[in-house]
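Please read it alongside the sequence and the structure shown here.

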Amino acid sequence: MLFIVIELLGGLGMFIYGMNMMSRGIEKVAGNRLRSILEAFTKTKLLGLLVGLFFTAVIQSSSAATVMVVSFVNSGLMQLSEACGIILGANIGTTVTAMLVAIRLSAIAPIFIFAGAIMVQYVKTPMVRKTGEIVLGFGVLFVGISTMSAAMTQLREIPEVIDLLSHFTNPVLGVVLGLVITSVVQSSSVTVSILVVMASQGLIDLDISMFVILGCNIGACMSALLASASGSKNAKRAALIHLLFNVFGTILMFVLLLVFTPQIKEIIYIFSGHGDDAANLGRNIAWAHFLFKVFQVIVFYPFMDLIVKCTYLLVPGEDEKKPEEQFALQFISATTLPNPAVAVYLAVQEMERMAHMAFKNLNLAIDCLIDDDVARSAQVFETERYIDYLDEQISNYLVKINQNTLPIADANMIAAYFHVVSDIERIGDHAESIVELLPQMYENGIKMTEVSAEELREMMKLINRILDESLHMFVTGDTAHMQEVSDLENMIDHMERSLQTRHVSRLSQGKCSAQAGIYFSDIVSGLERVGDHAINIAFSLLEAKEGVRHG
């Protein structure tokens, strides 16, 4: 008996490990593309449903999909109405794993293991190696199933086990068991797949398995609930949408099963064949899982707005910012890290926010200088402190991301992201350097002449253009205006030299003081360096691939 349990646990371990390896491999190869699909095509619940179904079917995990949705909602990138559709689709997509298990591909699993091992160990191309992880994980998954199946075959020879399972008929106990197991392993796919293997060995029947499946539905919500625990109220509501949908669906199906079990089984048999023989029972359970999910989505889809309203009753009010929270992160968290593929995307959103803050602060600093407004300069210093805070938090966040498994496209860019954060922070420093001159100019009775002020305004027009174009190029990856950005940098360099020459001419004509000239020269030089930082931001991702850097 002990050896059977060991073999059973070993098979389960291989199954879980193989499924996770396959899921991680898919995320590495296509995580950034899947993330883009998830973000772009969720404007309606129906479209979101289809995207959620596809996304979950690909990565083999509804938990990963719903946790990703919670992360998007938490950061404000996705509305609750958009999250609904994805959550519904994820509930259907998660049935794919059990379907694969029911196909019984164990006989050819060693071929996948061999091919995957060759790709991982002997091919140097990153994309091929990551694809090899998918193939290897697929093979390990089915070897695990084969091992579990062999162990369960031996269990059939033990009368005590058969007697115990034959008395396992309580529907409520079935729901509780499914809930507990799925909450522990954090995957309904694992629990239902175990049921499929048990049924294929004649150890459990369809009647009780259907109730265990219902418990799996609720247990699958635990990952999203845990992910939302430290998030915003909307993040908690998104997790509750998942929970309420599955709880209501479980209650409905529980009642229907108690009343119409024979009729429901007949419907299942239409799709999967009659379940009298053990070999067919596994397919019955896989199809039951799929049909239950589809039925629940059809029934509750029209009522999702009401479910959303229920979440507002359970989580009332809006998030309150505590007085001591002077600075805050909007898209990322200093304490928790979501799915790595999502974490990179959220980091870029936070960097974009930081950049807009720095650009606005630079313009405010120039306005304070031209208007001789010392009072408003305090706002520049305060914003610069905020920018420094974001610099530290985003950098720490990128370090955490870099310690995790990332999609290939994201992993190659992490170093570039560190440089971009640094360039944005340096732009903020230039704003601070400008307003630091104001007290000295005030003490010395120095003001910018109208000519100097107009020259600074003209230079700032170019600076703002290159900042906007560069940030757009970095965030979107759109290189359509690449030449325009390069031309703007050349124009800024030329203007800096021209303004310095004109300034020297004014000095020689006695139109401005030497001290005022020093301040003007420093400011113009600083703005030229802002242009250098902007071009670094624009070309950061391209240069990361080529191993070069501007500036």
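Glu382 and Arg385 both belong to helix α17 (residues 377–402), where three residues, about one turn of the helix, separate them; helices, here and below, are DSSP runs of H or I with at least four residues, strands are runs of E with at least two, and both are numbered from the N terminus. The two side chains form a salt bridge in which the closest N and O atoms are 3.0 Å apart, a salt bridge being a side-chain nitrogen of Lys or Arg within 4 Å of a carboxyl oxygen of Asp or Glu. Glu382 is partly exposed, with a relative accessible area of 30%, and Arg385 is likewise partly exposed, at 43%; buried means under 20% relative accessible area, exposed means over 50%, and partly exposed lies in between (1.4 Å probe, protein chains only).

The model is predicted, so that local features need pLDDT of at least 70 and side-chain atom pairs count only at pLDDT 80 or more, whereas totals for chains, interfaces and linings use all residues. Residues are numbered from 1 along each chain as its sequence is written, and side-chain values use heavy atoms, with hydrogens and water left out.

**Salt bridges**

Across the whole structure, a search finds 10 salt bridges.

| Glu382 | Arg385 | 3.0 Å |

Asp429 is buried, with a relative accessible area of 16%, while Arg426 counts as partly exposed at 32% relative accessibility.

**The chain as a whole**

The secondary structure comes to 23 helices and zero strands. Of the 551 residues in the chain, 53% are buried. Among the contacts in the chain with a separation of 6 or more, 80% are accounted for by residues 24 or more positions apart, where contact means heavy atoms within 4.5 Å.

**Packing of α10 and α11**

Helix α10 (residues 188–200) packs with helix α11 (residues 206–219) at an angle of about 170°, their axes being 10 Å apart; axes are lines fitted to C-alpha atoms, for helices over the stretch in contact, and angles run from 0 to 180 degrees between N-to-C directions. The angle makes α10 roughly antiparallel to α11, a label used for angles over 145 degrees. Ser188, Thr191, Val192 and Leu195 of α10 make the contact with Ser209, Val212, Ile213 and Cys216 of α11. By class, this contact has five nonpolar, three polar and no charged residues, where Ala, Val, Leu, Ile, Met, Phe, Trp, Tyr, Cys and Pro count as nonpolar, Asp, Glu, Lys and Arg as charged, and the others, Gly among them, as polar.

Ser200 also lies in helix α10, and at 14% relative accessibility Ser200 counts as buried. The side chain of Ser200 reaches the backbone oxygen of Val197 at 2.6 Å.

**Individual residues and their partners in space**

Phe295, in helix α14 (residues 278–300), counts as partly exposed at 32% relative accessibility. Leaving aside neighbours within four places in sequence, Phe295 is in contact with Leu252, Met253 and Leu256. The C-alpha atoms of Phe295 and Met253 are separated by 9.1 Å, although the two residues are 42 residues apart along the chain.

Phe303 is found in the loop between α14 and α15 (304–314) and counts as partly exposed, at 44% relative accessibility. Phe303 and Phe245 are 58 residues apart in sequence and 9.8 Å apart in space, C-alpha to C-alpha.

Ile16 has its place in helix α1 (residues 2–40) and, at 24% relative accessibility, counts as partly exposed. Between Ile16 and Gly137 there are 9.5 Å in space, C-alpha to C-alpha, and the two are 121 residues apart in sequence.

Technical notes. Parallel < 35°, antiparallel > 145°, perpendicular 65-115°, else oblique. Polar contact = N/O pair within 3.5 Å; in protein donor to acceptor, adjacent residues only side chain to side chain.
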